[in-house]
Amino acid sequence: MAVNEKGILNRLYFIAGCMFVFGLAVIFKLLSIQYLQGDKYRSMATERIVKDVIIPANRGNVYSVNGNLLATSIPKYDIRIDALAPSNKNFEAYLKPLCNELSKFSGKPSNELEKQIRQARANKNRYFLLARNIGYSDYIRIRNFPLLNLGAFKGGLIVEQTTKREHPMGGIAQRTIGYERWDEQGNVTRPGIDGAFGVKYLRGVDGKRKKQQIGKGQWKPLSDANEVEPKDGYDVYTTIDVNIQDIAHHALLEQLEKYKADHGCVVVMETKTGEIRAISNLGRNKNGHYYERLNYAVGESFEPGSTFKVMALMAALEDKVIDTSTIVDTQNGRKRFYGRYINDSHRGGYGKISAARVLEVSSNIGIATIIDEHYSKQPEKFLNRIKEWKLNMPLGISIIGEGNPDIPEPGNKNWSKNALPSMAYGYNLELTPLQTLAFYNAIANNGELVKPRFLRAVKEFDEEIETFDKQVLVKNICSNETLNKIKEILKNIVVRGTGERLYSETFSMAGKTGTVRTEYWMNDWEDNPRYVSSFSGYFPVDNPKYSCIVVIHKPSTEVGYYGADVSGPVFKKVAQKIFIDTPIVDEIETLNISKTSVDNEYESFYKTAQTYKTIMPNLVGIPAMDALALLENMQVDVKVKINGRGIIKAQSVNKNTKLKNNQTVVLTAS
Amino acid sequence: MQPLFKNIKGDRLIWAIVALLAILSFLPVYSAASNLAYKGGGSNTFTFFVKHFMHLFLGFVIMYGVHKIPYRYFRGLSLVMIPVVLVLLGLTMLQGTTIEGANASRWIQIPIVGMSFQTSTLASVVLMVYVARYMSKIKDKTITFKESILPLWVPVFLILILILPANFSTAAILFLMVVMLVFLGGYPIRYLAVIIGSGILVLTLFILIAKAFPDAMPNRVDTWMGRIESFANPEDTEADYQIEKAKIAIATGGIKGVGPGKSLQKNFLPQSSSDFIFAIIIEEYGLFGGFVIMILYLWLLFRIVIVAQKSDTIFGKLLVLGVGLPIVFQALINMAVAVELFPVTGQTLPLISSGGTSIWMTCLAIGIILSVSAKREEIKEQEINEDNPLEILSETI
C-alpha cells in the first residue's frame with residue numbers, strides 16, 4: 001500500500017476539519033445553554049444555593065406568682081456519629097477510649113458500645129445515635145470525648161440541636177401551664193397558659209437569614225447581619241403559687257388514690273382578686289397512675305348537684321319569697337313531684353325543718369319544694385337570677401377550651417315540669433367547676449363576682465408589656481342581707497351540717513358539699529353506681545382569703561362517695577396547709593423597731609465624740625464602756641484608769657480642762 | 001533566559017500556546033482548590049497551588065528534555081516501551097482499587113516519590129507512537145489484513161483490554177485515536193471496518209460477561225450504563241447531578257463571568273478542578289474565557305497540522321498526528337462533556353486540569369511534536385533555499 005504524503009495530508013485535513021466542526025458544536029452548545037436554557041439554570045442556581053434559614057425566636061418563660069419557673073425553653077442535643085468518617089488509624093486508636101468514656105456517661109457496657117459502633121461502620125451507617133436529648137453541659141462533655149473531639153470531618157461528630165419546652169415543676173399543674181405542640185399532620189394542640197398565650201406573647205417572631213451552600217450540607221451566611229432579626233417571646237407571669245399548687249396537687253392525688261377515683265380537680269382562687277393560686281387536674285391512666293390529663297376544672301361541665309342548692313336558696317332569699325326561718329316540710333325522705341319521686345339521702349327524712357336547715361343537711365326535697373312552690377308559675381324569675389349571676393354563660397377565661405354551662409329554659413327540649421325542682425338541687429343543668437367556684441368566691445368576696453384569672457403580667461425582661469387587673473363581672477350578686485344569711489348557713493354546714501366531719505376548732509372554713517349521680521342514664525348504673533363528689537367553699541370564714549373547689553369524679557363506691565368524705569378532706573387539707581405551711585401567713589412586717597431612748601443615747605455619744613478632741617468632756621452619767629471609748633479616741637494620748645463598772649460617777653480631771661499627752665485620767669464608776 | 005530561549009527548538013508558537021495554557025490553568029485550578037482544601041480538613045489552598053506548579057514544572061522539564069531527543073529514536077523506544085506498559089497496566093489492574101464497589105484501578109503508586117500515576121495515559125502515548133512506527137514501516141508495502149494483525153492489532157487490543165475494565169472512556173478514545181491514525185496512515189478502509197466491528201464485538205462481549213457474572217471481576221459497567229442512560233434520557237435522574245451543576249455554572253457565567261475565584265458551583269461539582277474545569281472556567285470568566293480556551297486548542301490543532309505538513313518523513317508526520325491530535329481531541333471531549341454534548345467521561349482538559357499524569361503525558365506528547373518540528377528546523381538551517389509562500393505563511397501564524 002503505497003502511502004504518500006499527499007494522501008496523509010488529505011486525510012488529515014478531513015480529520016482536522018471534523019475536529020474543528022466538533023469545536024464549533026461545543027461552542028454552539030455553550031451558547032445554547034447560556035441563552036436558550038440560561039434562565040432556567042440561573043434560577044436553579046439561586047434556588048439550590050441560597051436558602052432562607054429560620055432563626056427560631058426563644059419562646060418566653062412562664063413564671064409562677066412567686067417568680068419560680070413553670071415553663072422554659074432549653075436547648076437539647078442529639079449526638080450521633082458518622083461511623084465512616086474517621087480514618088482507619090483514628091478509628092482504631094480512639095474507639096476504645098471513646099467507648100470507655102461513653103460507658104461512663106451512659107452506663108452501658110463499653111464493649112457493647114464498641115461492638116455497636118464497629119457494626120455501624122461495617123454497615124456504612126453515617127448516622128449512628130450516641131445520645132439523645134442531652135443538656136448543654138453533657139453535650140460539651142461528649143464533644144470532648146476521644147475521636148469525637150476531632151470534629152465533624154475527622155471524628156464523624158454530628159450534633160443536632162433542638163429546643164425543648166421544659167416544666168421545671170414536673171407534672172404539677174402541667175395541664176394548666178400547658179404547651180404548644182404540633183403533630184405530624186401539622187395539627188396544633190394548645191392547652192393551658194402556654195397554649196393560650198403562645199401565639200400572642202410567648203412565641204416571639206422568628207428571624208430570617210439568607211444562607212449560601214458551600215458544599216454538601218454546608219451552609220454559610222450570605223451577609224453579616226440577619227435579614228430579619230429574631231424577636232424573643234415575652235415572659236408570662238402567672239398567678240399560680242407553687243406552694244399552694246404543690247399542696248393542692250398532693251392533697252388531690254392522695255385522695256384520688258385512696259378512693260380509686262377516675263379523675264378530679266382542685267382550684268384555689270384568691271378571693272379579692274380572682275387570681276388562681278392553684279389548679280390541679282389529675283386523671284387516671286390505664287395503669288392506675290394519676291397525672292395531668294385534661295383541664296377538668298376549666299373544660300368539664302357536669303351536673304353540679306348539691307353545691308347548686310346554694311344558688312337556688314340564694315335566689316329564693318333574694319327574691320324574698322322565703323326567709324331562712326321559713327319552715328319546709330321535707331316529709332319522710334321521699335316526695336312526689338309531677339309523677340317523679342325525689343329522695344333524700346337521709347333515710348326517714350328530716351321532717352319539718354327551716355329553709356336554712358334544708359341547706360345545712362342538703363335536703364333535695366326541701367330545696368325542690370321551696371323552688372317549685374315559689375317559681376313553678378314563673379320559672380323565668382328563677383332563671384333570671386341565674387342569668388344575672390352569669391351562670392348561663394362561660395366565664396370567658398383566657399385558657400382555650402372552657403366548658404359551656406347548660407341551663408335549660410322553658411321551650412328547650414330539656415324543659416319539663418320536673419326541670420325546675422331538679423335544677424333546685426343541681427340536676428338537669430351543667431356548670432364547670434371553675435364557674436361554681438367563681439360564684440362561691442363572690443359570696444366570700446361580699447357579693448362581688450370577679451373573673452378567675454391566670455395571668456398577672458406579660459414582661460419583656462423587666463419591662464411590663466401588659467398587666468392584667470381584676471375584672472369584675474357582677475358588682476353585687478345580691479343584697480348584703482341575703483349574703484350574710486347564706487354565709488351563716490355555709491359556715492354552719494361545716495359546724496353542724498353535711499360537712500361537720502371537716503370541722504376544726506383551730507381554723508374556720510365554710511362551704512357546701514355535693515354528691516351527684518353521674519351517668520345515671522346508663523343501664524348499668526344500678527349495678528355500678530357512679531357519683532361525682534364535690535366540695536366548694538372558702539376560708540377563713542371571717543374575711544375570707546381563698547375560695548376553693550374540689551371535684552372528684554367516680555370515686556369507688558366501696559370506699560365512699562359523699563362529698564363530705566371524698567372531696568371535703570382535700571378542701572380541708574388545702575385550707576389547713578395554706579394557713580399552717582405557707583410562709584405568707586407568717587410574714588413579719590418589719591424588724592426595724594426603733595426605740596427613742598437608744599437613739600438619743602447614740603446621738604449624744606456621737607455629738608460628744610465629735611466635739612471633744614483635746615478637752616476633757618463631762619463623762620459623769622454615761623456608761624464606763626462609752627467613756628473609755630471617748631477618751632481613747634481623742635487626739636491626745638491619755639491613760640485611762642477605771643475603778644468599778646457601770647455608770648461613771650466621778651472623773652479625776654474636771655470637764656473642759658485641756659488634756660496633755662500621757663496624762664492619766666481616773667474614772668470612778670458604780 | 002537568553003541561553004534557555006536559544007536552546008528551545010521547534011515550533012515557537014506551540015511553545016507559546018502550551019505556556020499560555022499552563023499559565024492560565026493556575027486560575028481555575030487555584031479557584032477550584034478551595035473546595036478540596038475545605039473538604040480535606042487541615043490543608044490549605046496554597047498547597048494545591050504549589051502542587052499544580054510542581055506538576056507543570058516537571059511537565060515542562062519533560063517537554064524540554066523530550067524535544068531535545070531526535071525523533072527517530074522514538075521508533076525503537078516505542079517498541080521497548082510496549083511490554084513495559086503492558087506490565088504496568090497489568091499491575092494497575094491487579095491493585096484493585098475500587099470506588100463504591102466498582103473497579104477504578106487507574107492509578108499505581110510510584111515507589112519512593114509517593115505519587116500516584118495513571119498508567120493508561122502513558123500507555124496511550126506509547127501506543128500511538130508504536131502505531132505511527134508501524135504505519136510508517138509498512139508505507140511502501142502492500143499489506144494484507146492477516147499480516148497486520150500480529151504487529152499492529154495484537155498490541156493495540158492487549159492494551160485496550162487492560163484499560164477497559166477500569167476506564168471505558170480512555171479505552172474508547174484510545175481505540176478511536178488508533179483507528180484515526182491508521183486511517184491517516186493509509187490503512188485500507190475495508191480492513192478498518194473489520195477492526196471497528198471486532199472492537200464493538202469485544203466490548204459487547206465484555207459487557208455481557210460482566211452482566212452475567214457480576215462478581216467475576218470488579219468493573220464499572222454499571223457506571224457506564226448509568227452515564228449513557230442519563231445522557232440519553234431527557235428526564236432528570238440522579239446521574240444528571242454533575243452535568244446539571246455544570247450547566248448551572250455555564251449559565252451563571254454569562255459573557256464576562258462572575259470573576260476569578262467567585263464560582264459557586266465548584267463547591268458542588270465533583271472533580272471541579274479536573275473533569276469539569278471547563279464549566280468552572282466559564283462560570284468565572286464567562287463566554288470570553290471559554291472562547292479563549294477553545295481558540296487556544298484549535299490553534300494548537302492548527303499548529304500540529306502545520307508541523308505534520310512540514311515534516312519530511314512519513315514517520316514524522318504520523319508521529320506528530322498520533323500524539324498531537326489526541327490532545328486536542330481530549331480537550332474537545334472534555335468541553336463537550338461540560339456542555340452536555342457528550343456523556344460524562346473522566347477525561348481531563350489537557351494542560352489546564354490539575355493532575356500530574358495528565359499534565360506530564362501531554363507535555364511528553366508536545367515534546368515529541370516539538371522534537372519533530374525541531375528536526376525540520378535543523379534541516380532548514382542547512383538548506384535555506386526553500387521559499388514556498390505557503391510555508392512562509394504557516395511559519396508566521
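Helices (H or I, at least four residues) and strands (E, at least two) are DSSP runs, numbered from the N terminus. The expected span of a helix is 1.5 Å times one less than its number of residues. The structure is a predicted model, in which local features need pLDDT of at least 70 and side-chain atom pairs count only at pLDDT 80 or more, while totals for chains, interfaces and linings use all residues. Residues are numbered from 1 along each chain as its sequence is written, chains are lettered from A and ligands numbered from 1 in the order in which they are written, and side-chain values use heavy atoms, with hydrogens and water left out.

Consider helix 12 of chain B, residues 314-338. Its 25 residues should span 36 Å, and its end C-alpha atoms are 36 Å apart, which agrees. Of its 25 residues, 25 are buried (under 20% relative accessible area, with a 1.4 Å probe and protein chains only; exposed is over 50%, partly exposed in between). Helix 12 of chain B is therefore largely enclosed by the rest of the structure. Just after this helix, B:Glu340 takes a positive phi of about 65 degrees.

The next topic is the contact between the chains. With contact defined as heavy atoms within 4.5 Å, 55 residues of chain B and 40 residues of chain A take part. The buried area, that is, the accessible area (1.4 Å probe) that two parts lose on being put together, summed over both, is about 4400 Å² between chain B and chain A, and carbon and sulfur atoms give 74% of that area.

A salt bridge is a side-chain nitrogen of Lys or Arg within 4 Å of a carboxyl oxygen of Asp or Glu. A:Glu409 lies in the loop between helix 14 and helix 15 of chain A and A:Lys387 in helix 14, so the pair ties together parts that are 22 residues apart in sequence. A:Glu409 is partly exposed, at 33% relative accessible area, and A:Lys387 is also partly exposed, at 31%.

Another salt bridge links A:Glu519 and A:Lys554 (2.9 Å, N to O). These two residues stand in distant parts of the chain, 35 residues apart. A:Glu519 is buried, at 16%, whereas A:Lys554 is partly exposed, at 24%.
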